[in-house]
Amino acid sequence: MVRVPADGSREAPIEQLVEVLHRLPGGQILVTSIENVLNWARARSIWPLTFGLACCAMEMMQAMGTRFDLDRFGVIPRATPRQADLIIVAGRCTIKMAPVVRRLWEQMPEPKYVISMGSCATCGGPFYYDNYSILKGIDTVIPVDVYVPGCPPRPEALIEGVLKLQEKIQRERRLTRRLQEAGA
Amino acid sequence: MTPSRNPSGGFLPPELAARLRERFPQVRDAAEAAREALEAFEREQEERQRRYQEEVERAKAEGKPAPRPPRKEEPAVPRYRTPTFEVPREVFREVMEFLRDDPAFRMDYLSFASAIDWKDRMECTYHLWSTVHNHELLVKVPVDRDDPRIPTVSDLWRTAEWHERETYDLFGVVYEGHPDLRRILLTEDWKGHPLRKDYVYEDPDWLVELARVRQSEVSGVQPPLGERG
Amino acid sequence: MRSLRTEELILNMGPQHPSTHGVLRLLVTLDGENIVEVQPDIGYLHSSVEKMMEHRNYTQNIALADRGMDYLAALVNEMAILRAAETLADVPVPERARYIRTIFMELQRLASHLLWLGTYGIDLGAFTAFLWCMRERELIMDLFEATTGGRLHHVYFRLGGVNEDLPPGWTDRCREFCHYFLNRLDEYHRLLTGNPIWQARTQGVGVLTREQAVAFGACGPVARASGLQWDVRKSHPYEVYDRVDFQVPVYTEGDCYARYLVRMDEMRESTRIILQCLDQMPEGEVRAARVPLNLKVPPGEVYTRVESPRGDLGIHLVSTGGETPWRVKIRAPSFVNLHALTEMMKGWKVADIIAILGSIDIVLADVDR
């Protein structure tokens, strides 16, 4: 969590503006409205990282392909974590791969989201027992926002997951929380 | 290339098998041995059946009830549907060179090199195939399970380089003379060789540390609560 | 004149890279723009399938083979496991089931090659190919779904047959698809085969000679593009492949373009096989009676192979007579083809890495298992 410095010298212009508005009578409503607009924009342009691990990546490709066309929801894959808002962990993650996934997640700029696609990424799935190399759930290394069940989930299920993530983003109160922290 | 004469599995002409045994008397034809064991088993079964018939007749003559027929038994003899040869370690290199270079064999294609852990012993396996004659055979070499060592064949077939690395990784078989023998699938710091039957999995230290960091993020408390790490 | 002192540079590609087709890491040693050496670092998707198979019975292993091995050719993996188990246990398979299996394996080959063509198109900058191939692949997925209920993972084949019969009207749908697809295939040819950019990126690039292909154990389309006349469907026929008429496309150039052409021709042949099977398929049972789900395979060993879309997929099955195998060695085609990649790449430019890597069509789950 980024904390606002006391003198406000290093704040982004929008945050300075928000702080000014917040001091005005009735400014809280304005801040909430701005927040809603920001969330709306954010939720409608989720850019995932082009990152597939195993079988679920095929369904992810199909979801971005011709029939299902995730582009309709503003989901446009990016090839580098620096430009991505979302990482879809599609498939089983091995222990050898775990630090790599963690580093990719760390390289993504805030705000960032994680969808765990398929049972393998969620809990190890069919690779839970008698197995020595698969991580039992990606949430042991990175925090997950939406779990999509299935083995592999159908493209529709992934779209549902993205829509759920949009709902979640729409309800976020980042600015308000930041202001409260600055005020406290 | 003519289709394989044995559609269910591999095929090796009997005259070639005889040629190999003639050249290397130490080599044991596992399929042949299994066939002999099966014949012995069948002879034994026939013998038991014959004795049973005698007993039945004797019981009939004495007016006693007939004895129970013997239980039908399945042979415990392993089936070898692919031509399989057991080669002692001492002549292993020679046999492999012979199989590759002999014009009648021309086994120029190595399908895989691997191993089997039998708990009390270990066997290295090689599957050879000929792109010219379309015949194939499986070579098995018994090795010491506690210190498995075997000469490399990566100079005969380039593809063995990776297969041997994989077997080293998963079974711990050391291939003597291999140009670059290190782990291929698992991380460099992995403990143990997982395809051995007595392998027990252990979390690597760095994974435990990573999970601990993640746990501390969840709880939002620095330093982390609890003994999970 | 003093020559310029140069140093070699090591470039790291992956494991997260949009063009490595999965979690493959390549350590490329470069001299300027020329590739000196390529060292693939694999194992980022090692799922310990061979270990898990030792703890599951043969029916469960079918489900595991779908997921743990080459996930783009799930039905072919099922066949690989079943061919080994059925050979060792002498399980009878009804005629109709054999035909159904063959049809589904060929549909799987089409689906796999279509995905390869689409992603290879993206690699070389032809995005249209991706959209077109995905469109046709969806139709195959529909055919799969109507019968098996699954899109990627089917668990449809069983010991001694298949799970259930084809739904009514399926054969007509499949026939219709085949004719539709043959037209589409001509469209792909018009889009790509004569395309000057496509040819410039692939022709003469990443050559693998026949001798190298045999030495590296290369198989499948990679070997056939290098002039090795070898298809497991012909050399070790299984199911009904010896009863249908099809050609094995072979090219001698050994470059990326030849590999592309081999796969394109294979798609046409697969469609022909499906159409012939649909015509020949008899009525009757699809599953042998009295084959238990937890079949005890008698002790013994067998090595069988099937032709997966990526090449010769072999299973060395060792049984000690129990419900579970003692050891399953999966001889993965992508594993050996990836090894051959180290030879193919020597001497080419940085920009060719992706073209060569894409042309061998690896699936990392197949490489690492």
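Which side chains of chain A, Lys164(A) and what other, meet in a salt bridge at 3.9 Å, N to O? Select Lys164(A) and then Glu160(A): these two side chains form the salt bridge. Keep in mind throughout that this is a predicted model.

**Stop 1: helix H6 of chain A**

Select residues 155-170 of chain A, which make up helix H6. Lys164(A) and Glu160(A) lie four residues apart in this helix, so about one helical turn separates them. Lys164(A) is partly exposed, at a relative accessible area of 40%. Glu160(A) is also partly exposed, and its value is 42%.

**Stop 2: helix H3 of chain B**

Move to chain B and select residues 92-101, helix H3. Here the side chains of Arg93(B) and Glu97(B) meet in a salt bridge, with 2.9 Å from N to O. This pair is four residues apart in the helix, which means a separation of about one helical turn. Arg93(B) counts as partly exposed at 21% relative accessibility; the cut-off for buried is under 20%. Glu97(B) is partly exposed as well, with a relative accessible area of 34%.

**Stop 3: Glu123 and Arg121 of chain B**

Stay in chain B and select Glu123(B) with Arg121(B). They form a salt bridge whose closest N and O atoms are 3.4 Å apart.

Next, go to chain C and select Glu106(C), Arg109(C), Arg224(C), Asp231(C), Arg233(C), Glu266(C) and Glu307(C). Salt bridges with shared partners join these residues into one network. Over all chains, the structure holds 69 salt bridges.

**Stop 4: where chain C meets chain B**

Show chains B and C together. The contact takes 48 residues from chain C and 52 residues from chain B. About 4200 Å² is buried between the two chains, and carbon and sulfur atoms give 57% of that area. To see where chain C loses the most area to chain B, select Glu301(C), Trp326(C) and His339(C). Together these three account for 16% of what the chain C side buries.

How many salt bridges are there between chain C and chain B? The count is seven. Select Glu301(C) again, this time with Lys140(B): they form a salt bridge, and their closest N and O atoms are 2.3 Å apart.

Now select residues 300-308 of chain C, strand E6. This strand gives the most to the side of chain C that touches chain B, with six residues. By class, that side of chain C has 21 nonpolar, 13 polar and 14 charged residues.

**Stop 5: helix H13 of chain C**

Finish in chain C with residues 352-359, helix H13. This helix is mostly covered, and eight of its eight residues are buried. Among them are Asp352(C), Ile353(C), Leu357(C) and Ser359(C). Just after the helix, select Asp361(C), which takes a positive phi of about 55°.

Terms used:
Residues numbered from 1 in each chain as written. Chains lettered and ligands numbered in written order. Predicted model: local features only at pLDDT ≥ 70, side-chain atom pairs only at ≥ 80, totals over all residues. Heavy atoms only, no water. Contact = heavy atoms within 4.5 Å. Buried area = accessible area lost by both parts, 1.4 Å probe. Salt bridge = Lys/Arg side-chain N within 4 Å of Asp/Glu carboxyl O. Helix = DSSP H or I, 4+ residues; strand = E, 2+ residues; numbered from the N terminus. Nonpolar A, V, L, I, M, F, W, Y, C, P; charged D, E, K, R; others polar. Buried < 20%, exposed > 50% of the residue type's maximum accessible area, 1.4 Å probe, protein only.
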